[in-house]
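Thank you for letting me take a few minutes of the meeting.

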Amino acid sequence: MAKKSGGGGCLVVVLVVGLLIFGYYKWQHGSSAAPPDGDDTGGGSGRYVALGDSYTSSPRTGRQSGTPVGCERSDDNYPHLVSAKLKPAEFADVSCGGATTASLTAAQQTSNGTNPPQLDAVTGKTTLVTLGIGGNDVGFLALAPTCATAHPSASPCKDRLTAGGHDQLAERIDATAPKLGAVLDKIHTKAPRAKVVLVGYPTVLPDGDGCWPALPLGAGDVAYFRDTLAKLNAMLEDQAKAHRAGYADTATPGKGHDVCTASDKRWVEGILPASPAAPLHPNARGEQGMADAVVSLLKLP
């Protein structure tokens with residue numbers, strides 16, 4: 001009599017396929033990818049240029065660095081920490097709070113002075129560029145303080161921003177993608193010898209419902225903004241891969257350091273900061289974590 005075939009083999013196949021799919025997804029999203037080859041920077045050689053918005057400039061975490069004052073650029077932000085590790089011959093941090101992708105090619109007016117187009121700092125001598133941008137094009141961080149609610153299960157911002165079946169923030173992310181790709185291409189044109197690293201945004205919101213009322217966002221809005229930030233980071237990673245740039249994942253190491261964690265562990269401050277930082281922005285600990293992600297990507301000792 002023939003031996004009856006069991007279902008164990010099928011189960012093994014399903015498990016293997018599932019693991020391969022999961023592994024492929026993790027490879028595609030949520031992990032840093034090394035930048036393409038370029039000239040070395042450090043040990044007294046090369047030129048490092050840092051571009052970006054307030055998550056790069058790091059307002060209020062340290063002493064004012066450079067001009068204009070309205071950019072609120074701190075001397076302990078991740079570009080300065082990376083530069084201190086690298087020790088390049090030249091370093092220029094032209095990041096600025098409130099910057100969008102348009103601020104890379106056009107002058108940006110701030111509350112106190114004008115920041116020239118950030119790409120002006122990128123020259124043929126540049127050997128490393130880091131770029132942290134996109135959040136202000138989408139605008140969800142600016143929206144968050146307006147979403148405060150007295151009802152911990154509410155989702156006023158999600159309800160408004162997804163009304164009619166259109167997710168406005170998802171649409172803005174899609175619209176930002178080609179702008180970012182064009183910027184990366186311009187960087188390569190201006191600095192063909194440079195390694196280019198696109199720096200993602202760290203984890204801002206926790207898994208679960210949040211920490212109302214300390215963070216006065218309802219559970220629905222916490223989930224909505226958390227998912228939106230994940231979509232933004234996925235877009236950044238995809239654009240980096242499509243335009244010959246590395247991607248520094250800061251969200252993965254930032255897990256467990258969100259606005260709802262203890263004040264001595266968090267990387268990102270809440271609406272009422274407990275450490276020097278702008279609301280809903282990285283503190284000095286967060287900037288160090290972001291710097292570590294860039295340094296790790298560059299495989300520095």
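Predicted model: local features only at pLDDT ≥ 70, side-chain atom pairs only at ≥ 80, totals over all residues.

Now to the overall picture. The chain has ten helices and seven strands, where helices (H or I, at least four residues) and strands (E, at least two) are DSSP runs numbered from the N terminus. Of its 301 residues, 50% count as buried, and buried here means under 20% relative accessible area, exposed means over 50%, and partly exposed lies in between, with a 1.4 Å probe and protein chains only. If we take the contacts (heavy atoms within 4.5 Å) in the chain with a separation of 6 or more, 72% of them come from residues 24 or more positions apart.

Let us return to the strands. Five strands make up an open sheet with parallel pairing, in the order β2-β1-β5-β6-β7, and two strands are said to pair if DSSP finds at least two bridges between them. The edges are taken by β2 (90-93) and β7 (246-248), each of which has a single partner strand, so one side of each is left without a neighbour in the sheet. From one strand to the next, the twist averages 20 degrees; axes are lines fitted to C-alpha atoms, for helices over the stretch in contact, and angles run from 0 to 180 degrees between N-to-C directions. Strand β5, residues 128-132, pairs with strand β6, residues 195-199, in the parallel sense over four bridges.

Which helices lie across these strands? Helix α8 (residues 219-242) lies across β6 and β7 and runs at about 155 degrees to β7, and helix α10 (residues 284-297) lies across β5, β6 and β7, running at about 145 degrees to β7.

Next, the aromatic residues. The structure holds three aromatic pairs, and one of them is formed by Tyr 224 and Phe 225, which are tilted, with 5.5 Å from centre to centre and 50 degrees between the planes. For such a pair, the ring centres of Phe, Tyr or Trp (its six-membered ring) lie within 6.5 Å, and planes under 30 degrees apart count as stacked, over 60 as edge-to-face and the rest as tilted. Tyr 224 is buried, with a relative accessible area of 6%, and Phe 225 is buried as well, at 3%.

Finally, some details of the backbone in the loops. The peptide bond from Thr 67 to Pro 68 is cis, with omega near -5 degrees, and Pro 68 is found in the loop between α2 (54-57) and α3 (78-86). The bond from Trp 212 to Pro 213 is also cis, with omega near 5 degrees, and Pro 213 is in the loop between β6 and α8.

Is Lys 87 buried or exposed? Lys 87, in the loop between α3 and β2, counts as exposed at 53% relative accessibility, and its phi is near 60 degrees, a positive value in a residue other than glycine. Arg 244, in the loop between α8 and β7, has a positive phi of about 60 degrees although it is not a glycine, and Arg 244 is exposed, with a relative accessible area of 53%.

Terms used. Residues numbered from 1 in each chain as written. Heavy atoms only, no water.
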